[in-house]
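Dear colleague,

Please find below the structure that I am handing over to you, followed by a summary of what was found in it.

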Amino acid sequence: MSSHEPSSWLGGAWGAVFAACLGAVYIGLALGGQGDMVLLGVTALAGLLLVAAERVRPRERGWREADGQWWQDLGHFVASFGVGSFTGAWLAGAAMPAPLVTIWPSAWPMAVQAVLGLVVAEFFGYWQHRVLHTVPWLWPLHALHHSTSRMTFFKATRIHALDIGSFTFVSVAPLLALGASAEVVLWVTAFGNFAAQTQHTNIALPTPPWLNAVVGTPSVHWLHHSLDLREGNSNFGMNLMLFDHLFGTYIPPSPEPPAAFGIQPDFVPRGFLGQLSLPLESIRRLVRREP
Ligand SMILES: [Zn+2]
Ligand SMILES: [Zn+2]
């Protein structure tokens, strides 16, 4: 069996890595760790291991070649993803200091609540993502994330603060509005963190087709990054593929990455400040009604 073939019905190498990450969070919580600190620690540790793995055994050697965007990507890791996601989560808490309706099934087992939380968050996350792809004047906000010719760890966080901030807000606020607990939000966030990290890392993490149809595996997300729009306008789900199936945007991926990643035309500036100012391009398109 080649290293790129799904290795088992259990979920392949990706399933094992993902389960280990979630298992580490579970153990951290069971040992009495504070939720946010446990999640931050496990996410950071998983990130370090993934970065090390992509240095030692890259999936594609070509993806390691410099693309002139290293410092920009590092800047977005801190100033765009970091600031945007924390601000989005904070705003969700500020907007929903108390549940709008108390219908959350808090008595259900936490694992079932977490799955329900994923479904609720994914519904809004799916539409935030799809709207950024389909409304012309909003596209510049998301184009930064797609303006890359390879998948590496730091491409996950090459994302505008308004993009990740709005995504985080629309994912978390509905959970708080329905009365979900902080622990449910924590598990949904953990799932999202590990999905995003593994989806964009340059290592071989094969998955069986059945798993690609259920959750946002690396192969599923690679197809979404395809330069070919017949492939790229698909698989908008970040964590679950449920709404791609329901709304007709799911395309089953092959184990091999698409022929090329990126966008055409790639109007995203090469400089960091130009990338931060992409909302100005959105405003320009809105005012001039340009596609
Ligand atoms: Zn996208
Ligand atoms: Zn991506």
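Among contacts in the protein chain between residues at least 6 apart in sequence, those joining residues at least 24 apart make up 77%; two residues are in contact if their C-beta atoms, placed from the backbone, lie within 7 Å. Please note that this is a predicted model, in which local features need pLDDT of at least 70 and side-chain atom pairs count only at pLDDT 80 or more, while totals for chains, interfaces and linings use all residues. Residues are numbered from 1 along each chain as its sequence is written, and chains are lettered from A and ligands numbered from 1 in the order in which they are written.

The secondary structure of the protein chain consists of 13 helices and zero strands; helices (H or I, at least four residues) and strands (E, at least two) are DSSP runs, numbered from the N terminus.

Of the 291 residues, 45% are buried. A residue is buried if 20 or more other C-beta atoms lie within 10 Å of its own, exposed if 12 or fewer, and partly exposed in between, with C-beta atoms placed from the backbone.

The largest nonpolar core has 62 residues, and those with the most contacts inside it include Cys21, Val172 and Phe194. Such a core is a set of buried Ala, Val, Leu, Ile, Met, Phe, Trp, Tyr and Cys residues joined through C-beta atoms within 7 Å. Helix α6 gives the most to this core, with 10 residues. Leaving aside neighbours within four places in sequence, Phe194 is in contact with Phe18, Cys21, Leu22 and Ala46.

Three further sites may interest you. Gln264 and Pro265 are joined by a cis peptide bond, with omega about 0 degrees; Pro265 lies in the loop between α11 (242-246) and α12 (272-276). Asn235, in the loop between α10 (229-232) and α11, has a positive phi of about 50 degrees although it is not a glycine. Asn235 is buried, because 26 other C-beta atoms lie within 10 Å. Trp71 is placed in helix α3 and counts as exposed, with 10 C-beta neighbours inside 10 Å. Trp71 and Gly271 are 200 residues apart in sequence, yet their C-alpha atoms are 9.5 Å apart in space.

Yours sincerely
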